[in-house]
Amino acid sequence: MRHHRPEPDLLTVAAGWADPAGWPVALRFDPAERWYTRLAVSDEHEVWALSWLPGQGTDLHDHGGSSGAFRVVGGVLTEETVSAGRLRPRLLSAGAGRRFGPRHVHQVTNRGSAPAVSVHVYRPALLRMTRYHLLDGRLRVAEVAEAGRSW
């Protein structure tokens with residue numbers, strides 16, 4: 001009889017990667033654009049590291065049907081989600097994290113004055129992301145980006 005191994009909690013996985021000293025690549029900050037790199041991939045999930053200088057952020061986007069979690073490991077990030085036709089901000093400081101399901105749409109920005117670093121985990125691995133515009137209180141598809149293109 002085979003025992004089904006439970007899938008790991010993605011926020012717990014992210015916490016396990018919270019120390020950049022243990023990463024297989026050196027943490028970088030890029031003044032031209034947000035820096036990111038994939039730290040690990042398995043059959044169950046993939047792990048990404050991102051760095052954010054003040055003012056850097058993402059567009060409003062989903063994760064192509066993947067569930068996920070992210071943890072801020074340094075600095076402060078603002079996550080905005082759509083509720084009642086408006087963007088609703090949530091501040092996430094170092095140590096804070098967020099789980100999300102396969103239909104989650106958000107944008108993340110460093111609105112602070114110091115650099116920020118975060119770890120993101122996705123199940124399954126990202127294959128595509130859809131970017132959105134919020135127009136007249138409704139999400140409108142702006143672009144679908146396939147894996148391998150710039151996120």
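Guide: Let us begin with burial: a residue is called buried under 20% relative accessible area, exposed over 50%, and partly exposed in between, using a 1.4 Å probe and protein chains only. Helices (H or I, at least four residues) and strands (E, at least two) are DSSP runs, numbered from the N terminus. The model is predicted, so local features need pLDDT of at least 70 and side-chain atom pairs count only at pLDDT 80 or more, while totals for chains, interfaces and linings use all residues. Residues are numbered from 1 along each chain as its sequence is written, and side-chain values use heavy atoms, with hydrogens and water left out.

Visitor: Which residues of strand E8 are buried on its two sides?

Guide: In a regular strand the side chains alternate between the two faces of the sheet. Strand E8 covers residues 106–109, and both of its faces are covered. His-106 and Val-108 are buried on one side, and Gln-107 and Thr-109 are buried on the other.

Visitor: In which sense do strand E5 and E8 pair, and over how many bridges?

Guide: Strands of a sheet pair through backbone hydrogen bonds, either parallel or antiparallel. Two strands are said to pair if DSSP finds at least two bridges between them. Strand E5 (residues 76–83) pairs with E8 in the antiparallel sense, over four bridges. Within E8, His-106 is the residue that stands opposite Thr-81.

Visitor: What is the order of strands in the open sheet of five?

Guide: The order is E1-E2-E9-E4-E7, and the pairing is antiparallel. Strand E1 (35–41) and strand E7 (97–100) are the edge strands, each pairing on one side only. For angles, axes are lines fitted to C-alpha atoms, for helices over the stretch in contact, and angles run from 0 to 180 degrees between N-to-C directions. With direction ignored, neighbouring strands of this sheet are turned by 15° against each other on average.

Visitor: How many bridges join E1 to E2, and how many join strand E2 to strand E9?

Guide: E1 and E2 run antiparallel and are joined by six bridges. A hairpin through four residues connects E1 to E2, and Thr-37 has Ala-49 in E2 as its bridge partner. Strand E2 (residues 46–52) and strand E9 (residues 116–123) also run antiparallel, with seven bridges. There, Trp-48 stands opposite His-120 in E9.

Visitor: How many aromatic pairs does the count give?

Guide: Rings of Phe, Tyr and Trp (its six-membered ring) pair if their centres lie within 6.5 Å; planes under 30 degrees apart count as stacked, over 60 as edge-to-face, and the rest as tilted. By this rule there are two aromatic pairs. Tyr-36 and Trp-48 form a tilted pair, 6.0 Å centre to centre with 50° between the planes. Because Tyr-36 lies in strand E1 and Trp-48 in strand E2, the pair ties together parts that are twelve residues apart in sequence. Tyr-36 is partly exposed, with a relative accessible area of 27%, whereas Trp-48 is buried at 14%.

Guide: The rings of Phe-100 and Tyr-122 have centres 6.4 Å apart and planes at 55°, so this pair is tilted. It links distant parts of the chain, with Phe-100 in strand E7 and Tyr-122 in strand E9, 22 residues apart. Phe-100 and Tyr-122 are buried.

Visitor: Which residue lies over the face of Trp-52?

Guide: A charge sits over a ring if NZ of Lys or CZ of Arg is within 6 Å of the ring centre and within 35 degrees of the ring normal. Here Arg-34 lies over the face of Trp-52, at 5.2 Å from the ring centre.

Visitor: With which side chain does the side chain of Arg-98 make a polar contact?

Guide: A polar contact is a pair of N or O atoms within 3.5 Å; within protein, one must be able to donate a hydrogen and the other to accept it, and residues adjacent in sequence count only if both atoms are side-chain atoms. The side chain of Arg-98 makes such a contact with the side chain of Glu-79, at 2.6 Å. Arg-98 lies in strand E7 and is buried, with a relative accessible area of 16%.

Visitor: Is Arg-123 buried or exposed?

Guide: Arg-123, in strand E9, is buried, with a relative accessible area of 18%. A polar atom of its side chain lies 2.3 Å from the backbone oxygen of Pro-8.
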